[in-house]
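Below is a walk through one structure, going from the ligand site to the sheet and then to a pair of helices. Keep the model open while reading.

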Amino acid sequence: MKRINLNKLMRPHIRKISPEIRRDLDACAILDGTENMFGYSPKIRDLIHIDTRLNIAPDPSCRELKASLQKYHQVSYGKLFVGNGAIDVVDHFFRIFLQPGDNVIIPSPTYPVLNFEVDVNFGTLKKIELEKDFYLNPTKIINAIDQNTKIILLVNPQNPTGNIIPKRDIAKIAQAAYSKGVLLVIDEVYAEYARENNIELIDEYNNVFIIRSFSKAFGLAGLRVGYGLGSEELIKLLKKRPPLKISRVSQLAAKYALEDADHFYKLRDQIDSEKTWLHGELNNLDGVKAYMTRTNFLIAKFPAKRFRERLEILAKNRIFVKNLCKFPLLKHHVRIGIGTRKQNELFLKELKKLV
Ligand SMILES: Cc1ncc(COP(=O)(O)O)c(C=O)c1O
């Protein structure tokens, strides 16, 4: 093969980024992710047969899906933006606003892909560490704002810690962002599980953008649909992008998921009771401390001794939990997605052999 130096042609700031993560998607218990392991509305199952027009391009404006979102959130059409999963919405938002030299304030630990998005979109990341009890100190965020800050990005409920940022603290940060002319993005992809959100802020501030997803609550992580809510003024700016991003099937499935939201509400009760049960079982194990969360995952501290080896043994048995050791605050912690009772029992059975 004739070869040129491709590496040299690459945008230099991309070189340092690590390649994609591999996951064993056929494992017995893939509890290292945060998807809804209980599935999606049965109304979605026959979708491919219902939408027989796959030869026709999708609606670039996602009008039918937005009509359902309007009802679900009681917001007007012009306040909605749809993307190819929440992460595409983040990526697009950053692409529209970030210039080299701008910084983005993100509390840490967080979902690492958010940091990646700052990097690929020429931003500089300004990490603000959570307190020992995972509390996000709003004053630390506000004090970190400088003349190069373009965006503050909060995740609420937070991932991987699973706790919620109190509304009064978000209100303080929103007020500060407004007075300093900074954009405030709140990634609320787990909000359905928390039964709490901050969407009302989009009517108070034109600089607040809320991001949601069909991956976590509605069980459609495989289809990639996310969306954002903001002032009409803000959403108008986001419309500058290539069309046809969200497939016909994805738009239709998301619409059906909202129409059958009751299906999710029932699953949510089941997930909550599984979470309470698993939390209790974990705390009964010697040396394990599990924390309660407002999400569909738990976080737990395992004994320091043989920590890595234990996770390796679990993985050999094709049971995966997320190792959070790379975050200094979360040494010897793992994140455990709430699986079905069968998956959770399997995980506990193997874990009990190890602690
Ligand atoms: C905080 C956060 N934001 C965004 C995402 C990605 O969501 P989506 O599947 O809609 O792109 C995740 C997924 O783990 C997440 O934890």
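**Ligand shell, sheet and helix contact**

The shell around the ligand has six nonpolar, six polar and one charged residues. This is a predicted model. In it, 13 residues surround the ligand, and G85, A86, I87, S213 and S215 are the closest.

The sheet comes next. Strands of a sheet pair through backbone hydrogen bonds, in either a parallel or an antiparallel sense. Here seven strands form an open sheet with mixed pairing, in the order β2-β8-β7-β6-β5-β3-β4. β2 (80–83) and β4 (124–129) each have a single partner strand and stand at the edges, so one side of each is left without a neighbour in the sheet. From one strand to the next, the twist averages 25 degrees.

I105 stands opposite K126 in β4. Helix α6 (residues 112–120) lies across β3, β4 and β5 (149–155), and runs at about 165 degrees to β3.

The last part concerns two helices. Two packed helices are described by the distance between their axes and the angle between them. The axes of α4 (residues 63–73) and α12 (residues 248–259) come within 9 Å and cross at roughly 25 degrees. Angles under 35 degrees count as roughly parallel, which makes α4 roughly parallel to α12. Their crossing is left-handed. On α4 the contact is made by E64, L65, S68, L69 and Y72, and on α12 by Q251, A254, K255, L258 and E259. By class, the residues of this contact divide into five nonpolar, two polar and three charged.

Technical notes: Residues are numbered from 1 along each chain as its sequence is written. This is a predicted model: local features need pLDDT of at least 70, side-chain atom pairs count only at pLDDT 80 or more; totals for chains, interfaces and linings use all residues. Axes are lines fitted to C-alpha atoms, for helices over the stretch in contact, and angles run from 0 to 180 degrees between N-to-C directions. Helices (H or I, at least four residues) and strands (E, at least two) are DSSP runs, numbered from the N terminus. Angles under 35 degrees count as roughly parallel, over 145 as roughly antiparallel, 65 to 115 as roughly perpendicular and the rest as oblique. A crossing is left-handed if the near helix is turned anticlockwise from the far one by less than a right angle, and right-handed if clockwise. Two residues are in contact if their C-beta atoms, placed from the backbone, lie within 7 Å. Ala, Val, Leu, Ile, Met, Phe, Trp, Tyr, Cys and Pro count as nonpolar, Asp, Glu, Lys and Arg as charged, and the others, Gly among them, as polar. A residue is near a molecule or strand if its C-beta atom, placed from the backbone, lies within 6 Å of it. Two strands pair if DSSP finds at least two bridges between them.
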